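Subject: Model for your files, with notes

Hello,

The model I promised is below. My notes on what turned up in it follow directly after.

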Amino acid sequence: MTSTVRTYLGRLLPQLIALTIIIAAISIIFPGFLNLQIQNGRLYGSLVDILNRGAPVVLLAIGMTVVIATKGIDLSVGAVMAICGAVSASLITSGHSLAETLLITLAVGILCGIWNGILVAVLDIQPIIATLVLMVAGRGIAQLITEGAILTFNDPGLIFIGSGSFAGLPMPVVIWLVFGVLVALVVRQTALGMLVEAVGVNREASTLSGVFTPVLLIAAYVLSGLCAAIAGVIAAADIKGADANNAGLWLELDAILAVVVGGTSLLGGRFSIAASVLGAIIIQAINTGILLSGFPPEFNLIIKAAIIVFILVLQSPRFRAAFAFVSIPRVAGKPTEREAK
Amino acid sequence: MKFVKALASATILAACTFGTASAADLVVGFSQIGSESGWRAAETTLTKQQAEQRGIDLKFADAQQKQENQIKAIRSFIAQGVNAILLAPVVATGWDEVLQEAKDAEIPVILLDRTVDAPKELYLTAVTSDLVHEGNVAGKWLVDTVAGKPCNVVELQGTTGSSPAIDRKKGFEAALAGKDNLKIVRSQTGDFTRTKGKEVMESFLKAEDGGKNICALYAHNDDMAVGAIQAIKEAGLKPGKDILVVSIDAVPDIFQAMAAGEANATVELTPNMAGPAFDALATYLKDGKEPEKWIQTESKLYTQADDPMKVYEEKKGLGY
């Protein structure tokens with residue numbers, strides 16, 4: 001048991017170190033950073049902001065991890081967010097109940113996933129091109145739904161998803177925590193995760209050894225679509241309106257970055273959902289830190305890029321080999337085949 | 001040959017009749033950028049309305065954010081022999097050739113809401129707002145409202161490097177210059193969006209003692225202000241009272257916020273650029289008098305005293 005925990009911690013160690021360094025650095029620049037207080041029955045503070053603002057990217061990263069583990073990529077998640085935000089806003093304003101709205105919205109996300117999955121698994125189109133189709137078309141579809149305007153709504157139920165709280169935590173945080181644990185359990189407590197990794201390492205070999213790859217691939221993109229749908233609802237509920245032009249804009253890139261920062265290889269194979277979630281939180285911590293620091297906005301992207309490069313260097317196999325003595329034994333002593341390359 | 005000559009003279013004759021005709025028979029081509037924002041949709045709606053009111057036959061072409069589509073549209077307007085062309089240029093450069101073609105065909109071109117880097121004689125006039133002036137109007141309102149009391153201002157900038165962000169910042173700072181009671185304590189970009197406006201405002205509130213140090217918010221557009229208002233409310237403060245909110249654009253949603261007492265003032269970027277353009281065109285066609293090369297639209301200030309609900313009702317049908 002302790003060995004499992006150690007293996008697990010070992011996997012997450014680089015991300016945990018990076019996050020700790022970033023949080024320490026921000027609290028030096030901005031002393032009030034670690035303050036937490038209860039306000040209106042919920043936790044209030046910058047740390048909660050990070051978890052809350054990070055919700056969309058965390059959710060996208062969960063789906064993206066599984067897709068990337070199959071050696072795929074899903075560029076359409078940002079656009080699917082916009083579509084689903086628009087769908088939920090237009091349904092709720094046209095008088096549908098909250099349950100109907102959420103069900104249909106999630107169904108639309110799943111449908112987008114099925115579309116991507118079929119293009120990749122059945123028609124055998126390269127994932128980057130297959131999902132590019134929906135990335136480009138999706139925002140147009142969302143704009144058609146909202147008719148180009150920001151569609152605002154006042155339904156308290158839907159707004160609760162964006163800015164309500166449960167057990168002291170903002171709803172978006174509760175949602176991604178529960179959803180993340182659920183997905184991690186499903187893929188890791190069953191053989192699904194292993195099958196996904198097998199497809200990612202060698203799709204043909206997996207097919208030949210009896211894995212029904214098309215269904216597995218479609219399922220991965222469906223999960224990604226579902227994650228994007230939830231993220232889209234949260235993003236719309238947060239601002240009480242669906243902004244087809246800007247909702248989820250460029251977030252597919254942040255989600256891919258989160259997966260990479262989380263240490264999952266873009267070449268497919270081994271993956272960790274927890275590490276990707278940490279990766280997303282690291283990205284949001286950087287964003288929030290930059291906002292609190294009070295630097296002029298021209299520096300935002302440069303600072304972010306510099307920190308990301310630093311984290312990626314920390315993770316590079318060469319760097320680790322050079323500093324093997326500070327690295328933990330399992331990773332240094334038993335590199336996987338890919339890391340050894 | 002004879003036939004061609006006859007045809008040519010008929011065309012010239014027709015052209016002459018057109019030239020002396022009243023606005024009622026005018027045919028005007030309008031090359032619009034696209035519909036990337038609510039404001040632009042409203043501009044399209046208002047241009048069509050203005051044309052209809054004046055009895056102008058408006059030929060509308062949506063370029064879907066592409067300059068090549070705009071150039072194609074202008075060439076087709078020239079081929080159709082319209083009386084004038086309205087152009088909302090998607091970019092500033094690369095217009096010389098097609099504008100020259102329009103000039104050679106003696107079709108006046110009026111630029112709407114943005115200008116181009118081309119010799120001034122290639123177009124009749126440009127109808128735009130003055131972004132610096134907009135920031136200035138917002139700043140003046142704040143200076144007058146706080147009336148000498150000390151006030152810490154936070155600023156939500158537009159997309160870094162965009163001309164509205166640069167100019168609206170410049171104008172606002174100019175209005176605050178020399179007023180020692182007003183100080184911009186924090187300034188960050190909110191990318192002109194509600195989501196970022198809310199996120200950045202949350203960080204401002206944390207950074208400035210839970211918002212107790214902040215007396216006013218200046219946002220470069222209304223959408224960011226709408227997002228920020230939600231952040232202020234969630235932090236347990238009253239937007240419009242504890243923190244004054246002033247922004248620019250005058251989109252319908254900010255009037256709802258003003259009616260609820262949550263926003264204080266907005267400066268209008270009017271989507272009615274076509275009205276002044278048609279007026280200038282009518283004078284030019286009638287007397288041949290060329291208008292100034294730049295017609296500045298009004299940057300009107302709206303406050304809670306201006307019956308925001310009524311303005312909201314007027315604006316909400318425009319496609320914002």
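Helix 6 of chain A (residues 127-146) is 20 residues long and covers 28 Å from its first C-alpha to its last, close to the 28 Å expected at 1.5 Å a residue. Helices here are DSSP runs of H or I with at least four residues, strands are runs of E with at least two, and both are numbered from the N terminus. The expected span is 1.5 Å times one less than the number of residues in the helix.

This is a predicted model, in which local features need pLDDT of at least 70 and side-chain atom pairs count only at pLDDT 80 or more, while totals for chains, interfaces and linings use all residues. Residues are numbered from 1 along each chain as its sequence is written, and chains are lettered from A and ligands numbered from 1 in the order in which they are written.

Back to helix 6 of chain A: a kink of about 30° is centred on Ala137(A), where the bend is the angle between axes fitted to the seven residues ending at a residue and the seven starting there. Its buried residues include Leu134(A), Gly138(A), Arg139(A) and Ile145(A). Buried means 20 or more other C-beta atoms within 10 Å of the residue's own, exposed means 12 or fewer, and partly exposed is in between, with C-beta atoms placed from the backbone. The buried residues of helix 6 pack against helix 4 (77-93), helix 5 (98-122), strand 3 (151-152) and strand 6 (241-242) of chain A. A contact requires the two C-beta atoms, placed from the backbone, to lie within 7 Å. Just after helix 6 of chain A, Glu147(A) has a positive phi of about 55°.

Helix 13 (residues 273-293) has 21 residues and reaches 30 Å, close to the 30 Å expected. Of those 21 residues, 19 are buried, and Gly294(A), just after the helix, takes a positive phi of about 80°. Helix 8 of chain A (residues 171-189) has 19 residues and reaches 26 Å, close to the 27 Å expected; among its buried residues are Met171(A), Trp176(A) and Val187(A).

Next, the cores. A nonpolar core is a set of buried Ala, Val, Leu, Ile, Met, Phe, Trp, Tyr and Cys residues joined through C-beta atoms within 7 Å. The largest has 158 residues, and Leu60(A), Ala61(A) and Ile282(A) touch the most other members. Helix 11 of chain A (residues 213-239) gives this core its largest share, 19 residues. Domain 1 (2-129 + 271-289) and domain 2 (131-269 + 304-316) of chain B both give residues to this core, so it lies between them. Not counting residues up to four places away in sequence, Ile282(A) touches Gln15(A), Ala18(A), Leu19(A), Ile22(A), Val261(A) and Ile311(A). A second, separate core of 39 residues includes Leu99(B), Leu124(B), Ala277(B) and Phe278(B).

On chain B as a whole: eleven helices and twelve strands are present, and the C-alpha trace spans about 85 × 35 × 35 Å along its principal axes. The C-alpha centres of its domains 1 and 2 lie 36 Å apart; the domain bounds come from an automatic or database domain assignment. Of the 320 residues of chain B, 49% count as buried.

Where the chains meet, 27 residues of chain B contact 25 residues of chain A. Helix 7 of chain B gives the most to its side, with nine residues. By class, that side has four nonpolar, 14 polar and nine charged residues. Ala, Val, Leu, Ile, Met, Phe, Trp, Tyr, Cys and Pro count as nonpolar, Asp, Glu, Lys and Arg as charged, and the others, Gly among them, as polar.

Most residues other than glycine have a negative phi. Glu106(B), in the loop between helix 4 (96-104) and strand 4 (109-112) of chain B, has a positive phi of about 55° and is exposed, with 10 C-beta neighbours inside 10 Å. Ala147(B) has a positive phi of about 45° and is exposed as well, with 8 other C-beta atoms within 10 Å. Gly135(B) lies in helix 5 of chain B and counts as buried, with 28 C-beta neighbours inside 10 Å.

Regards
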